[in-house]
Amino acid sequence: MLQIVIGRNKRNMLAQSALITATKGADLDGTLYLGYPIIATADQMVTIDALLTTKEHGVVAIDFLSPDANGGPNEVRDRQDDAYNAVFRKLLDYKPLVNKRTLSVPVQVLSFGPEEIDLGDAELICAGPNSILRKLAEFPPISEDQLRLVNAAIQRVTTIKPSTKRTNVEKANSRGAIIQKIEKEIANLDQWQKSAAIECPDGPQRIRGLAGSGKTIVLALKAAYLHTANPEWDIALTFHSRALYQQFLDLVRRFCFEHKNDEPDWSKLRVLHSWGSSRYPGVYSEVAAANDLSIRDFAYAKSIYGADQAFGGVCDELLAGMKSKRQTEPLFDAILIDEAQDLPNSFFEICYLSARDPKRVVWAYDELQNLGSYSMAPPSELFGKNERGEPRVPNLDEVEGTPKRDIVLPVCYRNTPWALTTAHAVGFGIYRQKGLVQFFDDPALWQEIGYRVESGELSPGCDVTLRRRENSYPSYFVDLLRPEDSVSWHNFEEYREQLDWVAEQIHRNLSEDELKHTDILIVIPDAIQAKNIAGQLTSALDKYQIQAHLAGVTSSVDRLYQDGSVAMTSIYRAKGNEAAMVYVVGSEYAAEPFRSVRGRNVLFTAITRSRAWVRICGCGPAMKEIISELESVRKNDYRLRFPVPTPEALANIRKIHRDMSAAEIAKRDTALKNVEPLLAMLESGELPTEALPDDFKKRLQVLLGNGDDAE
Amino acid sequence: MTLSETRSLVAKLNAQLLQSGLAIATNPIIPFKIRDRVRLSWPEARNAHGVFADQHFASLSEYRTFVTGKHYTSLLNEGSLLQISFDFKRNEIVANRFCFYPCPLEFPENGYPHDFEAWNDLLETELLSQIDALAPGWTPPERAESPGTGGLLRLRSPMRFDFESENRAAAEPTSHVHINGAGAHIPVHAALSLRQFIDFVLSNYYPAHSHLLTEFAPDFCDRSIRPEHEAQLHFDCRRDL
């Protein structure tokens, strides 16, 4: 199948549209890039109008004829030469494609226009819509391996992560050897990542992706590409975890070098925290300053709105201020938002108002990684309403031949299919005895995130069985790992026993499995207890002379790990990080009452930190609930079987499982405390149940139904 | 004390500090070679190249470098640091460095005792930006409604106890403490043990936690102060009381 990726073409829209129409139905296996790549040569930047990379015809650079009937054969020849040289050099920079002193794949070049044209020069290959496939047929095929290398060279994401030196690996099948093989795999962009990184519609664009699907890299690539293609644009790349700041700077810098061999102009491409501080300007603080409105800091926000709602509160204030002004000051030509699930709705409306027409706001998120107090609204609500009271962005429907406005990244590179299915099962409560705790608004999203319907139907009220699609994860997971070893769970009678077991396993990982300290991550879902548990773990590990650290203040996600010491972290600091072996300590946190959605999301996030193996540990009755769900996942051979909730059932699920605010929890606790003496009197027989007023008894019976959750 | 006993002792200390809630982040001490010695120190010390020499003693930038660069063994819940390191030769301690680095800012309220992440965020955004605000040439952001640094700044000197067994010929005392200036070498009667140092910090600055080390065995080093230093005002204590 030919994937068409529509970048930013400024030259000849008619030619672009004709090329899409002419090639769309062709029996070609590969990619047609439009307005991509942009290649820096010694003295200029060359934007390739179209680049076709297919097994059938190899690498073909396509130059669009100028709309004004072109300047004759000489100009066409010059442009073809520029395109050829730029692509040739780009590929030549990629060693695996070089054979001795030249490329192992030929580069072809042709010119294309919306109408057939003959320049009267046999050396110049020109084509129109009717002749393009015939002309392409003259170019020889390349092998699948060569195509893979060509795409790696064009995308240049292979060098994103420096590979860990593993001189300690001696055994062929140790865990160390396995993770070494996983790290060596070439990471080409998949078709969805390509679209998300390169396509930029004239309006908002949503990118949804699973944990480990490459959202952060895609956004950094997109920022670098848009900046290179439009150096005059003011672009903001924003995020919520401060720990991501350095990572974004590094990625954007590297990708800009790939495109233009130069440092980005940081005054035009700005990596900004969503809020900001006097140290790091943020989108919020910049917008407030530009609109001459108050900039609120954390101390102020916490005192007025509480720590949980601090940012939401100040964004609401700022938005109200902006709306009360006749005209707001748009600051950016494009705003790219990562971790959108952690940001309040008003922030998106602020971004919309702060974006210049045509309002290029790109937001990427994974709903299940939401650890905060906000939930993602659909675009019709997210960007507010216009003066007529209509949604500013009613939908994200696709318009044929234009860049996609709604992209889902379904391939998960970080997690094994078994870990991901397990994480989804506990995240949604698929096998929870009392039913689901949350669900997607649109059931079809399951298929978009890489599941296939094995039986039943993904429609409200129907039973369905889902399984990860074979193309939704890299094949090496299946080749190298076994499901029962990749995901395992362990219930303990005593907390101490759990910690001792984890310490013993880590000892084995380090002494027998050839893993390094930096391959291991201990995640503690309960942030409040994190210090205490980490202290006990430090002691337990010390029995094996294993050093450990509890991650503290750091300006970079990359600094979570330290050589010679095992990292322990609360769930928040774990976000954005991954490790070959993950131990989740105190997983019962997810099943404790009154914390259902947030607790489940925390466990989902913890499990999805694992690159190869995850050990889900816990104790107590709540852990038994989690274990029973995990066992169901395995019993069902990593399938998800459940009845799709009807809209009414979904509304009920949301009502029951919405997370309570601190004030609500306090009110509940007081009420429970007040009723305790009455319960004690009834239990002891001091007050016989018969003595309760009839009306009171009736009300209780109605409320409790059959004595179970009203689910 | 051997090298592995020392590592274990620091792990035990960190465990106690975390469990009591006094520490919010910890680093182990790890061994690495320094000339003919093995140094046991926090992991980042290995890559510190010039970090210590580049900073002025007790400066805000020094504190900031230590916090953001993870140059500590324990980060306490109000921002103070404990730095612990030892030098070994043939499995014997020949030098140590114990530093208590108080946080230069005092938070307006202690509203984050249970929320590790909120505390971290506060430290990173508020505290560090407050420190930056003191830099020459800094101007407050327009319309910012920050409480300002006036009420938060505390002029507290770090206290660094150094012991170096191999500089007996030098003018400075073998065991000394730096207070208020890198050039001040206030004599100490002997090398401090880790237990003595932590007891000193806890009982004077965190009295609510002074019981933390009751399970740690008492540990004293031999008296090493020279007569000319003993004649000066110095730190001393008696082990027989």
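Analyst: Let's start with the crossing itself: helix 7 of chain A passes helix 8 of chain A in a right-handed crossing. Right-handed here says that the near helix is turned clockwise from the far one by less than a right angle, and left-handed that it is turned anticlockwise. Helices (H or I, at least four residues) and strands (E, at least two) are DSSP runs, numbered from the N terminus.

Before going on, a word on what you're looking at. This is a predicted model, in which local features need pLDDT of at least 70 and side-chain atom pairs count only at pLDDT 80 or more, while totals for chains, interfaces and linings use all residues. Residues are numbered from 1 along each chain as its sequence is written, and chains are lettered from A and ligands numbered from 1 in the order in which they are written.

Two packed helices are described by the angle between their axes and the distance between the axes. For helix 7 (residues 215–229) and helix 8 (residues 244–260) of chain A, the axes come within 8 Å and cross at roughly 45°. That angle makes helix 7 of chain A oblique to helix 8 of chain A. The axes are lines fitted to C-alpha atoms, for helices over the stretch in contact, with angles from 0 to 180 degrees between N-to-C directions. Under 35 degrees counts as roughly parallel, over 145 as roughly antiparallel, 65 to 115 as roughly perpendicular, and the rest as oblique.

Who actually touches whom? On the helix 7 side of chain A, the contact includes A:Ile217, A:Leu221, A:Ala224 and A:His227, and on the helix 8 side of chain A it includes A:Phe248, A:Val252, A:Phe255 and A:Lys260. (Two residues are in contact if their C-beta atoms, placed from the backbone, lie within 7 Å.) By class, this contact of helix 7 with helix 8 of chain A has 11 nonpolar, 3 polar and 1 charged residues. Ala, Val, Leu, Ile, Met, Phe, Trp, Tyr, Cys and Pro count as nonpolar, Asp, Glu, Lys and Arg as charged, and the others, Gly among them, as polar.

Now set another pair beside it. Helix 9 (residues 283–290) and helix 11 (residues 310–324) of chain A have axes that come within 11 Å and cross at roughly 25°. So helix 9 of chain A is roughly parallel to helix 11 of chain A, and their crossing is left-handed. Here A:Tyr284, A:Val287 and A:Ala288 of helix 9 meet A:Val314, A:Cys315 and A:Leu318 of helix 11 in chain A. The class count for this contact of helix 9 with helix 11 of chain A is 6 nonpolar, no polar and no charged residues.

Last stop, the backbone. Most residues other than glycine have a negative phi, and most peptide bonds are trans. A:Tyr36 and A:Pro37, though, are joined by a cis peptide bond, with omega about -5°, and A:Pro37 sits in the loop between strand 2 (30–34) and strand 3 (38–40) of chain A. Another cis bond links A:Asp357 and A:Pro358, with omega about 5°; A:Pro358 lies in strand 15 (residues 355–365) of chain A.

As for phi, A:Lys100 isn't a glycine, yet its phi is positive, about 55°. You'll find A:Lys100 in the loop between strand 7 (98–99) and strand 8 (102–103) of chain A. A:Lys100 counts as exposed because it has 5 C-beta neighbours inside 10 Å. (Exposed is 12 or fewer other C-beta atoms within 10 Å, buried is 20 or more, and partly exposed is in between, with C-beta atoms placed from the backbone.)
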